[in-house]
Amino acid sequence: MKDTGQSRGPAIAFGRAICGDLDAALRREWLVTNGIGGFAAGTIAGAHTRRYHGLLVAALRPPLDRTLLLAKLDEWAEMDGAVFPLACNEFQDGTVDPHGYRHLESFHLDGTLPVWRYALADAILEKRVWMVHGQNTTYVTYRLERGERPVRLGIMALANYRDYHGDMQMPTWTPQLEICATPQENGHWEAVDGRFELKITMFETATPFFLTASLQGGQPAEPAALRFEVLDHLYRNFHWRIEAERQETDHEDLTALGRFYVDLQPGQTLCLVASTVGMDHADAVASLSAAQTRAIELLTRAQVTDEPTWIQQLTLAADQFIVARDDGHTVIAGYPWFTDWGRDTMIALPGLALSTGRPELAASLLRTFARYVNQGMLPNRFPDAGEALGDGDYNTVDATLWYFEAVRAVVAASGDPDLLAAIFPVLQDIVEWHHTGTRFNIRVDPADGLLSAGEAGVQLTWMDAKVGDWVVTPRQGKAVEINALWYHALCIMADFAQRLGQPAAAYEQRANQVRQSFARFWRDDLGFCADILDGPTGDDLALRPNGLLAVALPNSPLTPSQQRRLLDACARHLLTSIGLRSLAASDPNYIGLYLGNRRTRDGAYHQGTTWAWLIGPFVQAHLRVYQDPALARAFLEPFRHHLSDAGLGSISEIADGDAPFTPRGCPWQAWSVAEVLRAWKMLRSER
């Protein structure tokens, strides 16, 4: 990728200082995706630190039913009698074995694809991982890049079969292997013409998957160059340090399917492919070229080839969240554990699709979600197992309102009159449902036109943490950002109605009423808005970032003076290097660290934790108030460095509210990436 500065190499690259430090190498995680919900993920060092790490997490019913199949490949190399371990595992008793990261000379991302380079005396062995777009297929290749003599490579395949949220101790299955190769003695098999295939059925009702191996390039394979040894062994108590930190189940057992052995010649590549689809031929060169070409096309379409490498990197990261659903598209809210969420999709859509030059993709997403509008509401989330949506899946008041802004942005970018005509009746229906009342006590108060929402035991806004029956931030009543969005939606409807030659007066009148009533939120003595009006216990005056949307959205109900004072309050009390705190540190309910068990973490989730996605509204509001693009752009600069931490090449969901703002939560988050990209693109247009 090209950079406008002095750097001409990969955006994300490390040498031995990081690669050889176990804690540093385990902290940094890589991700590749396949566009249908499946993924592969792990750490630079090779040891798994999460239950979600694996080389093939297949979406068996795309984009859902994500299942861990191939967990990992443990490798070692032999040359001139010396053994070089390449893998790494951490076990529950605290043991780390082997220490392959010590031989890792460098690591970098080729676009989003991880590349390891191991130094074996004077030889260099390069390893790459990628997935086939649109298919549950992972490629892992090993190429002897440098060396004067062959290297014997051993690789043990470790498998599982479980839901990606789960864990597995002491499985009772005996995997059935169908092997396409030449049998030898003592459970060994030799490849036919340099290739063989395993069909693996972990138990009777399991979806089979395939593991193929072949030698490609370099000198022709010798008759015994590629062998496989069948194993039926259980390796126990692999430790997940991040799950332990989160006080979740922190270990699992993995089944060893067997070991590959290959005498790799200089310039030769061993290609291993794990897939739910049998493959007659796996051409590593062609498959890698297709993945690299697709990345170049994405950058070209986004018109970022002359932008800094970190912006190019984020452009590629944005594509990882967009996946197929039915005959359209949706957005995975975050990897590795989120599915597609309505709120996250609508907030992220402009940054993921419009800022990357893909308006037709954005239109497809809008049409997909329009099919799921029910009683004037978008679903909050789609169930993991793919069950039919129920009332409980619609527990959001803001996803539907963000839909209006997403439609506005897409129509403005595409100028597609057919899209507007198709979506407008859906928007009309939404507005009327909100006026008459819909689920969860969501309704317009006829006295002031403001939107009220909430009932006991239900969380409806983006501050939605809930543990058991405990709703951490219930926010019942009239929430400030909900009414900023409601006002904006009514303004949008008036504009859309005029464009389509339909009556607009009713929307204009309703918008005017909301704008006048919104003045109730303003607290002149504080210099910011109340967070909640007319709640069960009265008004909530906590300083949170929610009022910022009343400044950032294109239609603001605040005066210019109020906009400036509110922005300044957020800057002084909420702004951090990688986002905004969810509550001012001076508040008695503030919690600065996101640590501990689920109840403790969720108790901090919206009580001080930093959220990266909020930098988008902050930068937009700052530009509106101060009209200084260069100054606004400076708030995005810390993300350049963040891309080399946590989820590599991407942006985390959250961070601690206290310095040094350690990344937490989901390492790859859609709206975090999207809002930084959207803000950058917006500021670029101001140059």
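Tutor: Let's start with Thr137, which lies in strand β12, residues 137-146 (strands are DSSP E runs of at least two residues, helices H or I runs of at least four, numbered from the N terminus). This is a predicted model, so local features need pLDDT of at least 70 and side-chain atom pairs pLDDT 80 or more, while totals for chains, interfaces and linings use all residues. Residues are numbered from 1 along each chain as its sequence is written, and side-chain values use heavy atoms, leaving out hydrogens and water.

Thr137 counts as buried because its relative accessibility is 0% (buried is under 20%, exposed over 50%, partly exposed in between, with a 1.4 Å probe and protein chains only). Its side chain has a polar contact with the side chain of Gln135 at 2.7 Å (N or O atoms within 3.5 Å, one able to donate a hydrogen and the other to accept it; sequence-adjacent residues count only through side-chain atoms). Setting aside neighbours within four places in sequence, Thr137 is in contact with Leu56, Trp130, Met131, Val132, Val273, Ala274, Ser275 and Met279 (contact being heavy atoms within 4.5 Å).

Now step back to the largest nonpolar core, which has 243 residues; Leu120, Phe260, Leu270 and Tyr403 have the most contacts inside it (a core joins buried Ala, Val, Leu, Ile, Met, Phe, Trp, Tyr and Cys through side-chain atoms within 4.5 Å). Helix α10, residues 480-499, gives the most to this core, with 14 residues. Take Leu120: leaving out residues up to four places away in sequence, Leu120 touches Ala77, Met79, Phe84, Leu86, Leu125 and Val151.

Helix α5 is worth a stop too. Cover is heavy here: 12 of the 12 residues in α5 are buried, including Trp310, Gln313, Asp319 and Gln320.
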